[in-house]
Amino acid sequence: MRPAHLALAALVAAVWGVNFVVIEIGLDHFPPLLFSALRFLVAALPAVFLVGRPTVAWKWILAVGLVLGVAKFGLLFTGMDLGAPAGLSSLVLQVQAVFTALFAFAALGERPGRLKLAGMAVALAGIAVAAADEGGTGSLTGFALVIGAAACWGVSNVLTRKASPPDALNFMVWVSTVPVLPLLALSLLLEGPERDLAALRGLDPAGAGVIVYVAWITTVFGFGAWGWLLRRYPASSVAPFSLLVPVFGMSSAALFLGEGVSPARWGAAALLVGGVALTSFAPGRRTGGNSVAAPAPVPVSSSGRALSEERPA
């Protein structure tokens, strides 16, 4: 990769890592489900009028929109609202690579080899260490919801592989239209109209800036740039930069939010990132038919999600 493109890949990883800090700040302004709905609303408008018609069947847009937008981001934002730290969330969410491999085996027949299985075991060991560390001081409920978000991300990765969108940005923008109404309905039901109205009435420049960042910077810029890089370089050259996301997430959380990083958490980070690397880049096998490449790790933009090995979503 050219130096400028290396810098662009690192910048996208930084944008996605810092996004967890921005989410933490946003949760001081909005209830989590309303916050997630606003993030998708602003990501979709006005971009939906600029990217052209959908390039895949609506069934895939609806499926990914519900699993990724409603389930994954609803769980992530709620988990962080309940106390899961921003830095830890950026790390734990990367276990999506393990869930993706498991669901790809079940749905696509991609049988994991020994190296991939070893990577999954190492990553799960990292999750166990992180859970033990969090259990002593933090919210295990929030931690569990972030794990649930990672599982939903794995499902959406497999759905995206099945959809095989030719234009990642077009797909992401149309997917962003799906969760808005379900998340608003859930917010009214679970968070209450009074709390939602109070948050909207109290909207200030900081709150507006948070929405702009999570919607336009992490989604439109982040996934647009990631897709642009993947169209020009092999996934094996681009995807490793996604492993920088928890590095930027944990360091920015320590810098801006004052989150401490215990020795146990550093150990969990080493295990999880190493395990995700093995899981993502070890060759996969298919139980029948043609072989299919292993999915590359794709970070959560917590703006959005990353797609398959071919493109981010």
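Student: Is Ser176 buried or exposed?
Tutor: Ser176 counts as buried because its relative accessibility is 0%; buried means under 20% relative accessible area, exposed over 50%, and partly exposed in between, with a 1.4 Å probe and protein chains only. Keep in mind that this is a predicted model: local features need pLDDT of at least 70, side-chain atom pairs count only at pLDDT 80 or more, and totals for chains, interfaces and linings use all residues. Residues are numbered from 1 along each chain as its sequence is written, and side-chain values use heavy atoms, with hydrogens and water left out.

Student: OK, and where does Ser176 lie?
Tutor: In helix 8. Helices (H or I, at least four residues) and strands (E, at least two) are DSSP runs, numbered from the N terminus.

Student: Switching topic: which residues of helix 14 are buried?
Tutor: Arg265, Ala268, Ala269, Leu272, Gly275, Val276, Thr279 and Ser280. They sit on the same side of helix 14 because they cover an arc of only 150 degrees around the axis, the arc being that of the directions from the helix axis to the C-beta atoms.

Student: What's on the face turned away from that buried side?
Tutor: There helix 14 carries the exposed residues Pro263, Trp266 and Ala270.

Student: Which residues have the most contacts inside the largest nonpolar core?
Tutor: Phe35, Leu76 and Leu93, in a core of 82 residues. Helix 1 (residues 3-26) gives the most to this core, with 10 residues. A nonpolar core is a set of buried Ala, Val, Leu, Ile, Met, Phe, Trp, Tyr and Cys residues joined through side-chain atoms within 4.5 Å.

Student: Which residues does a cis peptide bond join?
Tutor: Leu45 and Pro46, with omega about 5 degrees. Pro46 is in the loop between helix 2 (32-44) and helix 3 (58-81).

Student: Last one: what's the mean pLDDT of the chain?
Tutor: The mean is 85, and 88% of the residues reach 70 or more; pLDDT is the predictor's confidence in each residue, from 0 to 100. Over residues 287-313 the pLDDT is below 50, though this stretch has 127 contacts in the model beyond near neighbours in sequence.

Student: How should I read the coordinates where pLDDT is low?
Tutor: Not in detail.

Note on methods:
Contact = heavy atoms within 4.5 Å.
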